[in-house]
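Here is a short report on one protein chain. Look at the model first, then read on.

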Amino acid sequence: MIEHFNRWPLVWALGLFWQHQNTSSDLQELLKLTLAEVILHRLHSCLSGHVQQVDFCAGGAAASFTISLRAVDNITVTIKMKPGVLPVCLIRVKNGPRFELKIRPGENVTLTFSCNTPEKYFMMEIQKNIDCVSGPCPFGDVHLYPPGLPRLNRTFIWDVKASTKAGLELKFSAPLRQIQPGEVCPDLVSYSINSCIDAATVNIGTFCRNGSVSRVKLLGGVILSLHLPWNLTLTTSGFNIANRSSIKRLCIIESTLEGESSIMLMSPNYPLGFPEDELMTWQFVVPSNMRASVFFHDYSLSNCERKEERVEYYIPGSVSNPEVFKLSDSQPANIAGSFNLSLQGCDQDAQNPGILRLLFQVVVQHPQIDENVTHVVDLSKERNMTVTIHFEGWPRRTPLVSEPMCLICKDPRTCDRVLTLASGATYKISFLCKDLSRLRITAEKGISCVGSLRWCGSRIYSLSVPKTITQLPVQLHKFIWRVIAPELINIEITSPSLKLRQHLPEQSCNTSYSYNIFSATPETEMNVGIFCPGGAIEKIQLRNNITVSLKTFGKGFVNESNHQDLKMSFVPHIKDECTFTVSPNSKAKTYLQTPNSLYGLPPYVSISWYIIVPSQQVARLGFSTDRMGIACETGRAYLNIKEQMPGAEETVRREDELLPQPRNMHHNFWVNVSNCKPVDPMQLTLKFWVTFVEKQIDLAVILGVLAAAGVLAAIGLTVCCIKKKKKKNQNPMVGVYNANVNTQMPGKQRLFQKDRKTNESHVYAVIDDAMVYGHLLKESNGSVTPEVDVYQPFDGPTGSLPPSPPPFSFRKDIKHSPNTEEPPLLAETDRDTYTFAHQKSGDLEDSGDENENNNGDTSMSLLENKEQNSLEE
């Protein structure tokens, strides 16, 4: 039947079935026989020239190998297929082709391969059994035997049986480096060491060449494996075996460290569990003029029923040997000379044993020149503060093993790469580091208000870096203040002298430090912005808990830190999420932007800016874009602008309307932005600018004022003459002022509720015929009552408070006016009404829309101003 199987892929299929791990032993044997028949048939085809398969048919020219094993050597050689490869190459012996060949002690076998590249398909194991219990041990150098083996990947295995009363020592001519499971040696040469005690086998570790481990002592037997690649020829194993006295522990690993170096070591069976209730030791040979430090990188503890897992150090010259530490403790550092480190297990819980494992690093370096120089860090007067000195990139980056070590010590033997100091104490620290520029400081301080505003509001906190930190020879990376306030108590940040500048592309920070302010709510965190000194922002009020992060750039902060003036205090509840008080530089253009610019202003958040305008100047306000750039899914977004003056108009824009054109502002004014819930993925980010120009005095205005003054002087002279004439005639007074009306000064509506229609403070009971200047009260339409209009955009009084829109649930859609050139103001709502006077368009100095009159106040006539002044007197 086999003649009908002429297709080569059948060999591959049978080979795959044979290699499958789940195939039963009977089926494997059947497949072997079938596969062998197919391959024999293919060999016959090769000899007859019917098949031209290179790897299979080119074996006629392959070299032959003769392997002779002496019985006294107790060596077994096994040649077998590599796992996962197709069996397209065979071993030819006199008994026929095979996939696997085992040569036992005392046998002499000659073999060839059916392909020219057998190293692709085959591997070889050479195992030597050594019995040191019933007979003498072959101490001394271990040679690679037998010679003349095929060039295949080879694994030499030495299985040494020994008594636990006489430990074995493996000494390596070239020191080794321990590697973690899964790691591969660069030259593909590796040693695997296993300890055998009774029936238990413990993996001591896998090692590469070119390291520091020079000797390994084991209790009982050992299985040592040497893995060599097929293209490397070695004549010696690189180690020897010696008999030693009992070491009374699992093993001892000796590591010889010369010069500055760093090594990684791990416990047996890593990352699996260290054997229960076992003890092992590492011996470190360090030159007396060097210093060694130990760092634990990974460890876990098992569940102990008895005893306690620990590490013990034997340090020559120590007054308390052995020094006992928990695995969670900071390990000894700056150790002078050689020392020992032992790992002790415990009796584990049988039901839940857990895992004890350890991965650690030993660093050896020269003594530092300034290791005896101490720096005092006085945190005794600080509260809720921590100072961490760490390597650059901490905690996201882990330094490479090859990187030079920088250590921070709070006493000569307690050193680490990261050291955290808590407030309430004074520390004396030193540095074991050649380059302190690789170190950084990160500090954090908590400030909280517990109780009422009466208790918290009386104190002003300084958000400045303590001098005890800036005086250290390490660069400050970041200082964080976390401020927590209860409900209805808010937070105010001020910079009285330096003032703050918002970091924007148009006005980037070029200082040695900056502040990043976050406002934290239970639902989200809003980045208020990045600020640096030397700007226009005097004050920032925030409604929620905040985090202020000072970040430094370069070494210039040490000098600039002496001039920090950032202050923080607790204030009463504010209406908006955030309010800025801005006093721009009259000679520079100031840019301002809504918070959270990276992700957009959060939904339903209202932000206000209070811009201070000097008395002799006019502010120019403009926006960087024409529109808000969003569409609302829920609610409406608004921009509100209003000057702080009686009767000032408000400019209101909705998200679907054009933003105002640049305009002049003669008084302090408010800018308010309130967000809706934008349609994803739209974000509200609004930027505007403010500049100043000197206030121009118009000649016509001066002449008008002089003319008015002349008229008033003439009126005054006439009144005096009339009074003098009346006095001379001794006639009773005919012009009696009505004393039954309210004479309180108009202005603030809370104190003076009547408007111009109902107020009779200017009405006289009798009008004398001498008062002939009544025509001055006439407007162009002959009426003394100004026009009034009604709209309802806000829910609070004007003045020092920002103009904030009403709750979103009370807003209605805007009714557009027929004028298409100018977007309408807010429509009427059912809530608070606002009245404001219209000005004449000719009085404006505004280059914006003509229908937006918000500069000056013409709601009072000149005579009314005079009346008000007389009432004030």
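What percentage of the 873 residues in the chain is buried? Buried residues make up 45%. Buried means under 20% relative accessible area, exposed means over 50%, and partly exposed lies in between (1.4 Å probe, protein chains only).

## About the model

This is a predicted model: local features need pLDDT of at least 70, side-chain atom pairs count only at pLDDT 80 or more, and totals for chains, interfaces and linings use all residues. Residues are numbered from 1 along each chain as its sequence is written, and side-chain values use heavy atoms, without hydrogens and water.

The largest nonpolar core has 86 residues. Such a core is a set of buried Ala, Val, Leu, Ile, Met, Phe, Trp, Tyr and Cys residues joined through side-chain atoms within 4.5 Å. Ile193, Phe284, Phe339 and Phe360 touch the most other members. A second, separate core has 81 residues, including Ile447 and Trp609.

## Aromatic pairs

The whole structure holds 22 aromatic pairs. Rings of Phe, Tyr and Trp (its six-membered ring) pair if their centres lie within 6.5 Å; planes under 30 degrees apart are stacked, over 60 edge-to-face, and the rest tilted.

Phe65 and Phe113 form an edge-to-face pair, 6.3 Å centre to centre, with 65° between the planes. Phe65 is partly exposed at 21% relative accessibility. Phe113 is buried at 1%.

Phe284 and Phe360 are also edge-to-face: 6.4 Å and 85°. Phe284 is buried at 2% relative accessibility, and Phe360 is buried at 0%. Ring pairs link both into a cluster with Trp282, Phe296, Tyr313, Phe325 and Phe339.
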